[in-house]
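Biologist: Can we go through this one together? I'd like to start with a single side chain.

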Amino acid sequence: MPVAIPDFAGAQPHGAQIAQVITANLARSGLFRPIDRRAFLQEAPDATPRFADWRAIGAQALVTGKVDQQGDRRRRRPSVAAGRPAGR
């Protein structure tokens, strides 16, 4: 399944690093084919993703998330969407 995984929003460079780990893990599973980032029409959507843009590049799934830094701890709140935002 073609999947788009932009950098997570929030504290950088952690958002990019988390997206890279998720991309590698999904690719290794053999069930997903991460889409080349150079094809992305939208980077790290902070608000509602423009799903038409993701469909235009062939994505059937979209993984988004936000990294919040609190003191020396980091918390991840990923969401997965395929045409609509996932529940929170």
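Biologist: How accessible is W54, buried or exposed?
Modeller: W54 is buried, at 2% relative accessibility. Buried means under 20% relative accessible area, exposed over 50%, partly exposed in between (1.4 Å probe, protein chains only). This is a predicted model, where local features need pLDDT of at least 70, side-chain atom pairs count only at pLDDT 80 or more, and totals for chains, interfaces and linings use all residues. Residues are numbered from 1 along each chain as its sequence is written, and side-chain values use heavy atoms, leaving out hydrogens and water.

Biologist: How many aromatic pairs are there?
Modeller: A search of the whole structure gives 1 aromatic pair. F40 and W54 sit edge-to-face, 5.0 Å centre to centre with 70° between the planes. Rings of Phe, Tyr and Trp (its six-membered ring) pair if their centres lie within 6.5 Å; planes under 30 degrees apart are stacked, over 60 edge-to-face, the rest tilted.

Biologist: Why does that pair tie together separate parts?
Modeller: Because F40 lies in the loop between β3 (33-34) and α2 (51-56) while W54 is in helix α2, the pair links parts 14 residues apart in sequence. Helices (H or I, at least four residues) and strands (E, at least two) are DSSP runs, numbered from the N terminus. F40 is buried too, with a relative accessible area of 10%.

Biologist: New topic: which residues of α1 are buried?
Modeller: H14, G15, A16, I18, A19 and L26.

Biologist: And what comes just after α1?
Modeller: G30, with a positive phi of about 80°.
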